[in-house]
Amino acid sequence: MALELIINLLLLATSLFCYWYVGATMPSSAINELGAEQWPQALLIVLIPALCWNIFKYFKKNKKEEITAAFKDFIPSIGRLVKSKLFAGMVLVVIMALMYEPIGFMLTCLLFLIAYGYLLGQRKWPALIGTSIIITIVLYIGFAVLLGVMLPRGQISFLRNLALFIESLIPRF
Amino acid sequence: MIDLLTSGLAVVFAPKMFILIIFAVFLGTLFGALPGVSATMAVTLGIPFTYKMDAVNAIAFLVAIYCASITGGGMTAILFKIPGVPSSAPTTYDGYPMAQRGEAGKALGMQLLCSAIGGIFAAICMLLLSPQLTQAALSFGPSELFAISFMGLSILTSLETDNICRTLISGLIGLMLACVGLDPLLGVPRLTFGTRLLTSGIEMIPVMIGFFAVTEVLKQTNKPSKLQAVGDSKNEQMTAKMPTLKEVLSVKWIIARCSVLGTVIGILPGAGATIASFLCYSTEQKLSKTPEKFGTGCLEGIAAPETGNNAATGGAWCRCSPWEFQEVMQPQS
């Protein structure tokens, strides 16, 4: 319940910031034409009152005591979330997204699959590593070789060379 | 007309052509089932295969890929809650709950059947009404295109009638995300916050994978019991049963309505299979006597979007057929 209010307030703050930001960073348009900033601003003019209305409805629907109790429980609930597998999974996804460009697709995919498999409860290392390697190769062949998608090889030289070496082992069609 | 139809059928059922179409259907289904490869991308990927084909074979090959990819997208939507193509997103609402209940076979059967009926209906419409419909569609100007887009957005009002304010907020956030990137008219970066990565905007497919696939993976992480259910008594109930004739007949009017609606939306420039599937889903939810069943895993919720998006593919070809095909079919000088 507290999360709903927090998200609404964050969205409202973001919307207000975006309204200012889009107006400040776009080249100003003539009075008689629609500029690049006016469409997002028009959307925000509707979005900001809608968010205010939603916040108002939240306070109208919930009693003061209920809101206070929800906020009291909110901090412990964050602790519970941080300790949960869900949070670990979310962190892994974020780390994977950040690692993707610098260390390349192959190593990122392999490490992510091993880490996620471990998180899901797989403790047999040969099976975990073997499956991860097979899935990485299948994904690579599917997307890079067959579909011609440019997958990142990484920016660190030895990792890039490693990716190129592994790629050279896979026959191209 | 009969002459044209018989000569067309003779071409399609020629052994070489028939094998080619089967290969295209397989390829299209595969591309459609892959999240991240849209129907348009599937056609683009199929183009290199057509370089050495003659015009008729190439058109048949590409049309088969396009239609099959729309159908293929629904399979992963049902089995993994990952829509292969954007137009399969509404199929996840009811397809995935059915798969979780062990009725994946029934859901997939209904999806394939409705896709086939929708596609065939649209093909018949294309055959009979193509010149007239194309003339009507090409008379559309910017104001009509705006009206169609607005009609697409108005679907939002019927998605969650209990809290329209929240639906409106979600829709506006979606529109704001679509504003990120280069402004199409002036070419200036908008809402990119100085990041080069946002210059090309936020693509539909990554957003869709994030909303549907990643959230599902995270949910499963939190509920390991579901992953461990393989081999449990619950899973023994899982069957590959196809929908019965009675079940198919129970959605006959949904199929009929969505075939017409999907074809009409497909013909309109600016709209497409995605708008068609969402519109068909919400229309059927509105018309249903038991709207509360939608979203819980009912056959009606699969029949409506899958008929609609496949019917839209035939409608979409109506627009390009007379002029483009005529140009392609002319012998090269």
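Visitor: Which residues is B:Ile65 in contact with, leaving aside its neighbours within four places in sequence?

Guide: In this predicted model, the partners of B:Ile65 beyond those neighbours are B:Ala24, B:Leu27, B:Gly28, B:Ala42, B:Val43 and B:Gly46.

Visitor: And how should I read a nonpolar core?

Guide: Start with the general idea: in soluble globular proteins, nonpolar side chains tend to be buried together. Here, the largest nonpolar core has 65 residues, and B:Ile65, B:Ile78, B:Ala107, B:Ala276 and B:Ala303 touch the most other members. Helix H6 of chain B, residues 104–138, gives this core its largest share, with 13 residues. There is also a second, separate core of 14 residues, with A:Ala36, A:Leu43, A:Leu47 and A:Ala50 among them.

Visitor: How many helices and strands does chain B have?

Guide: Chain B has 16 helices and two strands. Of its 333 residues, 39% are buried. If you look at contacts in chain B with a separation of 6 or more, 70% of them join residues 24 or more positions apart.

Visitor: Now the place where the two chains touch. How do I read that?

Guide: As a general point, the size of an interface is often given as the accessible area lost when the parts come together. For this pair we can count residues instead: the contact takes 21 from chain B and 25 from chain A. On the chain B side, helices H9 (164–179), H10 (204–222) and H11 (224–227) each supply at least two residues. The largest share of that side, eight residues, belongs to H9(B).

Visitor: What kinds of residues make up the side of chain B that touches chain A?

Guide: That side divides into 16 nonpolar, two polar and three charged residues.

Visitor: One last feature, please. What should I look for in the phi angle?

Guide: Most residues other than glycine have a negative phi. B:Lys81 is not a glycine, yet its phi is positive, about 65 degrees. You will find B:Lys81 in the loop between helix H4 (55–80) and helix H5 (89–100) of chain B. B:Phe193, also not a glycine, has a positive phi of about 55 degrees. Its place is the loop between strand S2 (189–190) and H10 of chain B.

Visitor: Is B:Lys81 buried or exposed? And is B:Phe193 buried or exposed?

Guide: B:Lys81 counts as buried because it has 22 C-beta neighbours inside 10 Å, and the cut-off for buried is 20 or more. B:Phe193 has 10 other C-beta atoms within 10 Å, so it is exposed; the cut-off for exposed is 12 or fewer.

Conventions:
Residues numbered from 1 in each chain as written. Chains lettered and ligands numbered in written order. Predicted model: local features only at pLDDT ≥ 70, side-chain atom pairs only at ≥ 80, totals over all residues. Core = buried A, V, L, I, M, F, W, Y, C linked by C-beta atoms within 7 Å. Helix = DSSP H or I, 4+ residues; strand = E, 2+ residues; numbered from the N terminus. Contact = placed C-beta atoms within 7 Å. Nonpolar A, V, L, I, M, F, W, Y, C, P; charged D, E, K, R; others polar.
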